[in-house]
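Subject: Structure for you to look at

Hi,

Here is the structure I promised to pass on. Have a look at it first, and then read my notes below.

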Amino acid sequence: RVLQLMNLTDSRLAQAGNEKLELAMLSFFEQFRKIYIGDQVQKSSKLYRRLSEVLGLNDETMVLSVFIGKIITNLKYWGRCEPITSKTLQLLNDLSIGYPFQKSCVRKLVKLSAVQFMLNNHTSEHFSFLGINNQSNLTDMRCRTTFYTALGRLLMVDLG
């Protein structure tokens, strides 16, 4: 239901959004990642069967694609909202770390076209938080650092 709600709210972000709802969805993604993403997760779990039935998400790669889509959407529409930007970038960072039991997850992530988009288009034209230059504060710099650290990790996986 959260993923269905996300699709609805994301389709309306150009008109208006709800910061608290976005933060709640990011918390959901964080918990979902911890429990259901990684090499040690049973791929035949009831969750993946249900996701396939309801949303057509057949495997972990498709779920990762939804995660990255949400990350890109948030960075595009919420670039001026520090709490959402920070939490979104933390999710990207956590996905890019690829703990020892999640190495194949990171390899799957790098193959996604949305990740390739981020690696090829990491400018303020696409991600507004990168263009905040007027009296840059420490938070803006931390967000940029987190973003480029995660992209650097993904690039290193891509380069082998």
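In which helix is L155 found? L155 is found in helix α8, which covers residues 138–159. Helices here are DSSP runs of H or I with at least four residues, numbered from the N terminus.

Before going on, a word on where the values come from. This is a predicted model, so to speak of local features I need pLDDT of at least 70, and side-chain atom pairs count only at pLDDT 80 or more, while totals for chains, interfaces and linings use all residues. Residues are numbered from 1 along each chain as its sequence is written, and side-chain values use heavy atoms, with hydrogens and water left out.

L155 is partly exposed, at 35% relative accessible area. I use "buried" for under 20% relative accessible area, "exposed" for over 50% and "partly exposed" for in between, with a 1.4 Å probe and protein chains only. Together with M156 and L159, L155 makes a nonpolar surface patch of about 320 Å². Patches are made of residues with over 30% relative accessible area and no salt bridge; like charges are joined within 9 Å, and nonpolar side chains (Val, Leu, Ile, Met, Phe, Trp, Tyr) within 5 Å. The areas come from the Shrake-Rupley method with a 1.4 Å probe, and for residues only the protein chains shown count as cover.

**Helix α1 and its covered side**

Helix α1 runs over residues 2–11, and its buried residues are L3, M6, T9 and D10. Looking down the axis of α1, these residues fall within an arc of 120°, so they line one face of the helix. That arc is taken from the directions from the helix axis to the C-beta atoms. What covers them? Among the parts that cover the buried residues of α1 are α2, α3 (46–55) and α4 (60–77). Contact means heavy atoms within 4.5 Å.

**Salt bridges**

How many salt bridges are there? The count comes to 7, where a salt bridge is a side-chain nitrogen of Lys or Arg within 4 Å of a carboxyl oxygen of Asp or Glu.

Because K70 lies in helix α4 and D10 in helix α1, the pair ties together parts that are 60 residues apart in sequence. Both K70 and D10 are buried.

Another salt bridge joins E30 and K87, with the closest N and O atoms 4.0 Å apart. E30 is in helix α2 and K87 in helix α5, so this pair ties together parts that are 57 residues apart in sequence. E30 is partly exposed at 25% relative accessible area, and K87 is partly exposed at 27%.

Then there is E60 with K108, a salt bridge of 3.0 Å, N to O. It ties together parts 48 residues apart in sequence, because E60 lies in helix α4 and K108 in helix α6 (residues 103–111). Here E60 is buried, at 2% relative accessible area, whereas K108 counts as partly exposed at 26%. Salt bridges that share partners also join D10, E22 and K70 into one network.

**Aromatic rings**

The count of aromatic pairs comes to 9. Rings of Phe, Tyr and Trp (its six-membered ring) pair if their centres lie within 6.5 Å; planes under 30 degrees apart count as stacked, over 60 as edge-to-face and the rest as tilted. F32 and Y36 have ring centres 5.1 Å apart and planes at 45°, so this pair is tilted. Both lie in helix α2, 4 residues apart, about one turn of the helix. F32 counts as buried at 5% relative accessibility, and Y36 as partly exposed at 28%.

F32 also forms a tilted pair with F67, at 5.8 Å centre to centre and 50° between the planes. Since F32 lies in helix α2 and F67 in helix α4, the pair ties together parts that are 35 residues apart in sequence. F28, F29, F32, Y36 and F67 form one aromatic cluster.

**Around L95**

L95 sits in helix α5 (residues 82–97) and is buried, with a relative accessible area of 2%. Leaving out residues up to four places away in sequence, L95 touches R33, L64, F67, I68, I71, V106 and L109. The C-alpha atoms of L95 and F67 are separated by 9.3 Å.

Cheers

Terms used:
Helix = DSSP H or I, 4+ residues; strand = E, 2+ residues; numbered from the N terminus.
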